[in-house]
Amino acid sequence: MNTKQPLDNLLPEIRRKALKRVDKRFPHEMAASWSGDDLMYSGPGRSIFIVLPTPGCAWALAGSGGCSMCSYIADSPLEEVSSDALVDIFKREFQRQIQKCEITGPTAIKIFVSGSFLNEEEIPVEARRAIFRIINEYDDVEEVVVESRPEYVNEEMLKDCCQLIPNKIFEVAMGLESANDDIRLQRINKGFTTEDFQKSMNIINKLKSDFNVRAKVYLLVKPVLTSEIEAIEDAVKSAEYAEGVGVDRIAYCPSTIHKGTLMEILWRRGSYQPPWIWSAIEIIRRVRNLVKIPVIMDTAGFGTRRGPFNCKKCNSKLKDAIIKSNIKQTIPEEFECECKVKWEADVEFSEVTRSTTNLSKNH
């Protein structure tokens, strides 16, 4: 683990101020669920997403300030949630989605928390096992996906999870964000090195011969203090690295502006902008030709004030093209819009116009 505090020690103070503004809510009020079409290992299917309220990301609460772009800690009760409460909440949200659309075909269950599902201080072992036993009753559920920081990935934990759902794929999704240690540690404040990540991948890869366990990584497109061209190049290089170390699936997360983060502060100063949608298209075009594993480009926030944006004429069209590309794993068709020349100029001169914001300035 890397505990050196980058970004002039701004993040802990930013986090403290943000948490002071969080309204107190009960755990069941913070739960959420939804479903939608998705790409599974077997092909097109449906995913059910369930957000469980846990005490909060241990990294963000440990004095580090957490990651420079993330505000999910604000959606946590910031107190212990009992196993019984977590299981009851899961049952309620799961049934809500089943009532909307029965599980009758290839389905994935994706369980989100504000931190790490594999951290037993966030999800107690009793709750984890009870939730997996419920899921295992549904034959059409082919995949169970959870999120975790790499330090919570251990052999005993993974074996226990896989044995509870023996006929399903168990996937651990980790926020690698970038294969570049400098970007991950100094601009994102992720708190772990590629060596730390590699250790978790070694454990997963070792178990693949006996268990149906997989690894997915999230890659952040355009962290703070990163130019447009650097964001594209890093996204491509990080995908190549991920495939090389045995990652089974990649999900790109183009930056969106979360409240109470360093990214928001820089954005409000005019010193940061989320990536162009054109950049997301460019990444897809290049990566599809470089790696053989499935690659998804998240489109959350596309076309909004706080998210990736081109212009009003092409935002929704390109978003739809990317969604189709995600499902079919194809390269989006050529598309032209008058705003593309502005993106091309931004990419060409982005190293010259990158932010020189003084982070030590009173924020």
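1. Which residues line the largest cavity? They are L11, I14, R15, G65, C67, S68, C70, G260, T261 and L262, where a lining residue has an atom within 4 Å of a cavity point, and a cavity is a set of points on a 1 Å grid over the protein atoms alone where a 1.4 Å probe fits but cannot get out.

2. This is a predicted model, in which local features need pLDDT of at least 70 and side-chain atom pairs count only at pLDDT 80 or more, while totals for chains, interfaces and linings use all residues. Residues are numbered from 1 along each chain as its sequence is written, and side-chain values use heavy atoms, with hydrogens and water left out.

3. Searching the whole structure gives one cavity of 30 Å³ or more, and the volume of the largest cavity is about 30 Å³, a volume being the space filled by probe spheres set on the points. Helix α1 (residues 10-20) supplies the largest share of its lining, three residues.

4. The structure holds zero disulfides, a disulfide being a pair of cysteine sulfur atoms within 2.5 Å. For C339 the closest cysteine sulfur, in C314, lies 3.6 Å away, which is too far for a bond. C339 is buried at a relative accessible area of 5%, whereas C101 is partly exposed at 36%; buried means under 20%, exposed over 50% and partly exposed in between, with a 1.4 Å probe and protein chains only.

5. Helix α9 (residues 228-244) has 17 residues and should span 24 Å at 1.5 Å a residue, which agrees with the 25 Å between its end C-alpha atoms; the expected span is 1.5 Å times one less than the number of residues. Helices are DSSP runs (H or I, at least four residues), numbered from the N terminus. Among the buried residues of α9 are E228, I232 and V236, and the helix is followed by G246, whose phi is positive, near 100°.

How values were computed: Helix = DSSP H or I, 4+ residues; strand = E, 2+ residues; numbered from the N terminus. 1 Å grid on protein atoms, 1.4 Å probe; cavity = no way out; pocket = protein on both sides within 12 Å on 5 of 7 lines; lining within 4 Å.
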